[in-house]
Amino acid sequence: MTNIFISYRRADSQSAVGRLHDHLLKYFDDKQIFLDVSSLKGGEEFKARIEGIIPTCRALLAVIGPRWLDLRSEDGRRRLDDPDDFVRMEIASAIRHQLQIIPVLVEGAQMPPQEKLSTPLKALAKLNALELSQSRFAFDVERLVKDLGGSFGDIRVSLGSTYRS
């Protein structure tokens, strides 16, 4: 069962997401985490899979890097304004399904202001974000895991110990 969906832009935060995923595997089984590059099978249709998997999740981590808000498609349009943009679809679906959504800021990114988000994403701007900093990465991930514990109840935080929310 997937519990955590990691939403991100490859062009913006791919390295930070890979590192985050590796750290989360210390706390969760790999089947509990949806990350496109490790969770999708070859030939699988991405849009159908995310539409099917997000309602079954408990939390979505919206990883936001410094270019997340303003990345543009080849035609010059801001990607977040495109209804078929995967990141927009993922977050909008998580909002509709009332998942716990945690904005995760990486590489010095700031939370996007509500007025710069398309209508289906405006609720994201009201959420408290967590920062994953380069110098405190492991500590910041532990804090993130603790916050996820609110959704999951008992979770393993290290071999032999349990965090109870």
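## Contacts and overall layout

Two residues are in contact when their heavy atoms lie within 4.5 Å. This model is predicted. Take the contacts in the chain with a separation of 6 or more: 71% of them link residues 24 or more positions apart.

The chain has five helices and seven strands. Starting at the N terminus, their order is β-α-β-α-α-β-α-β-β-α-β-β. Of the 165 residues in the chain, 45% are buried. The accessible surface is about 8700 Å². Carbon and sulfur atoms hold 47% of that surface.

## Arg9

Look next at Arg9. This residue sits in the loop between strand 1 (4-7) and helix 1 (10-24). Is Arg9 buried or exposed? The cut-off for buried is under 20% relative accessible area. Arg9 has 2% relative accessibility, so Arg9 counts as buried.

The side chain of Arg9 makes a polar contact of 2.5 Å with the side chain of Asp85. Beyond its neighbours within four places in sequence, Arg9 also touches other residues, including Trp68, Leu71, Arg79 and Val87.

## Helix 4

Helix 4 covers residues 86-96. How many of its 11 residues are buried? Eight are, so the helix is mostly covered. Among them are Val87, Met89, Ile91 and Ala94. Arg88 and Glu90 are buried too.

What do the buried residues of helix 4 pack against? Their partners are strand 1, helix 3 (46-53), strand 3 (59-64) and strand 4 (100-106). Just after helix 4 comes Gln98, with a positive phi of about 55°.

Note on methods:
Residues numbered from 1 in each chain as written. Predicted model: local features only at pLDDT ≥ 70, side-chain atom pairs only at ≥ 80, totals over all residues. Heavy atoms only, no water. Helix = DSSP H or I, 4+ residues; strand = E, 2+ residues; numbered from the N terminus. Buried < 20%, exposed > 50% of the residue type's maximum accessible area, 1.4 Å probe, protein only. Areas by Shrake-Rupley, 256 points an atom, 1.4 Å probe, with all protein chains shown as cover. Polar contact = N/O pair within 3.5 Å; in protein donor to acceptor, adjacent residues only side chain to side chain.
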